[in-house]
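Subject: Structure handover and what was found in it

Dear colleague,

Here is the structure I promised to pass on to you. Please have it open while you read, as the notes below follow it piece by piece.

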2 protein chains.
Amino acid sequence: MPSIDVCYSPELIHLYDLKGKAVVAVDILRATSTMVTAFAHGVAQIIPVMQLEECLTFASQGCLTAAERDGIKAEGFDLGNSPFSYMEGLEGRTVAITTTNGTRAIRLSEDAQEIVIGSFLNLQAVVQHLVNLQLDVVVVCAGWKGKFNLEDTLFAGALAERLQEDFSFENDATLASLHLYQAAKADIVKYLGQSSHVKRLANLNIHKDVSFCLQHDVYDVVPVWQQDALVDVRANYKLA
Amino acid sequence: MPSIDVCYSPELIHLYDLKGKAVVAVDILRATSTMVTAFAHGVAQIIPVMQLEECLTFASQGCLTAAERDGIKAEGFDLGNSPFSYMEGLEGRTVAITTTNGTRAIRLSEDAQEIVIGSFLNLQAVVQHLVNLQLDVVVVCAGWKGKFNLEDTLFAGALAERLQEDFSFENDATLASLHLYQAAKADIVKYLGQSSHVKRLANLNIHKDVSFCLQHDVYDVVPVWQQDALVDVRANYKLA
């Protein structure tokens, strides 16, 4: 039986051996939720990059560029990090995106055999993909500037809950994530109302984004890292 | 109102600004529980060191030496890391100790204005000391080889629960710790029976140590870092 483990911060990723494993990269508010939304609305590829300057250079290759820093759209870019900006006019396009935490989680996971983009929005699609893969799983939480955050942890707990029949877990981070999710799931929006990042976003007047990103099983896309870009492998996965 | 925050691993400590703050260093199983037990039984000073070799050199200065690696007493040392070894014959002695995780948490916190040794055994004494200090608090969990662990997190939650009237906390790590402690506290031994470290210790046949270390408010010692050694400031604190 494959196992599932949770890494609470990109700063801890060196403690995990990712080789031969599947990483689920998660940044619920909002990078991975937004990426999933974009694929559900026809984006062809997403290129995650670490730096603003590097991201801008993709404009000359016909890409849309997207950047968020500290919760708001960065100047000079086509798109920010709100999922509502990714719902129309993006069919077939490639988006180069850099975000505070999410891009970092993906880029630091490149040792893994597979990197899947996870969010509550595509939770069941990710569950099914992982069951099909039969690889050991490490959920890599983007966190907040390297620190633990609740929303990514709750996602890890939701994933553990749905995988518990098919995957083993004995490590404390997965147990804690599961217990926190079970305490939160009856009203996850209210539960996260206490959290620091949700308060930061509330101050930026984006309640709507938070509620949207916490919905479960809205889309069945499975964004996966392939040759320097994320693509949706939903088609392959439906054949599997 | 001062604040309380929680750092889940020594590997994350660079993300916290410890200057002017009080650190509570915690390694429930078993380093800080054992240190607290030793002070309650008359030890004069404890010198935490990182390396086995360095620790052994203290023998020539009349110190007792103590070392644990991966849960068992290291060869050539006077003492291991079981609290039951620290209950007699230690009055007035100095103990040089190196442990897998706990020593590291203390040594990496040296930027702080005060470093206090916390455990369930001296929980209320630590609470009272922190209320008296009126400094911002960061609980530094030793974790397990850099990773998150449940028992140190539950201690952080217990501390947050008792400090919540006098300290603010908005960060997610403290909230998660508090929620986990509130779920666990009715039967903390049973709750931790699922955890990886407790299972490791159970394999080493030291159930007795685990139950002992999870008892609340047994001792009123307050070990504090002073000039390269830990000393019990209980006397000063009682005068405060």
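A residue is called buried here if 20 or more other C-beta atoms lie within 10 Å of its own, and exposed if there are 12 or fewer. Please keep in mind throughout that this is a predicted model. By that cut-off A:L159, which lies in helix α5 of chain A, counts as buried, because 27 C-beta neighbours fall inside 10 Å. Leaving out residues up to four places away in sequence, A:L159 touches A:V24, A:G118, A:L123, A:V126, A:V127 and A:V139. A related pair is A:L159 and A:Q124, which are 35 residues apart in sequence, although their C-alpha atoms are 8.4 Å apart in space.

Three of those contacts, A:L123, A:V126 and A:V127, lead on to helix α4 of chain A, which covers residues 123–133 and in which A:L123, A:A125, A:V126, A:V127, A:H129 and A:L130 are buried. Just after α4(A), A:Q134 takes a positive phi of about 60°.

On confidence, chain A averages a pLDDT of 91, and 95% of the residues score at least 70. The model as a whole scores ipTM 0.93 and pTM 0.94.

How are the two chains related? Chain A can be laid on chain B with an RMSD of 0.0 Å by a turn of 180°, with a shift of 0.0 Å along the axis. The two copies are thus related as by a two-fold rotation axis. The same surface serves both copies, in that 100% of the contact residues of chain A recur in chain B.

The contact itself takes 24 residues from chain A and 24 residues from chain B. On the side of chain A that touches chain B, α5 (150–163), α6 (172–184) and α8 (196–203) each supply at least two residues, and the largest share, seven residues, comes from α6(A). By class, the residues on that side of chain A divide into 10 nonpolar, nine polar and five charged.

Within this contact, α6(A) and α6(B) pack at an angle of about 85°, with their axes 10 Å apart, and that makes α6(A) roughly perpendicular to α6(B). The residues that meet are A:A176, A:H179, A:L180 and A:A183 in α6(A) and B:A176, B:H179, B:L180 and B:A183 in α6(B). The contact of α6(A) with α6(B) comprises six nonpolar residues, two polar residues and no charged ones.

Is B:G20 buried or exposed? This residue is found in the loop between β1 (4–7) and β2 (22–26) of chain B, and B:G20 is exposed because it has 11 other C-beta atoms within 10 Å, where 12 or fewer is the cut-off. Leaving aside its neighbours within four places in sequence, B:G20 is in contact with B:Q113 and B:L135. B:G20 and B:I115, for their part, are 95 residues apart in sequence and 11 Å apart in space, C-alpha to C-alpha.

With best wishes

Definitions and conventions. Residues numbered from 1 in each chain as written. Chains lettered and ligands numbered in written order. Predicted model: local features only at pLDDT ≥ 70, side-chain atom pairs only at ≥ 80, totals over all residues. Least-squares fit on C-alpha atoms with pLDDT ≥ 70 in both. Contact = placed C-beta atoms within 7 Å. Helix = DSSP H or I, 4+ residues; strand = E, 2+ residues; numbered from the N terminus. pLDDT = per-residue confidence, 0-100. Nonpolar A, V, L, I, M, F, W, Y, C, P; charged D, E, K, R; others polar. Axes fitted to C-alpha atoms, helices over the stretch in contact; angles between N-to-C directions. Parallel < 35°, antiparallel > 145°, perpendicular 65-115°, else oblique.
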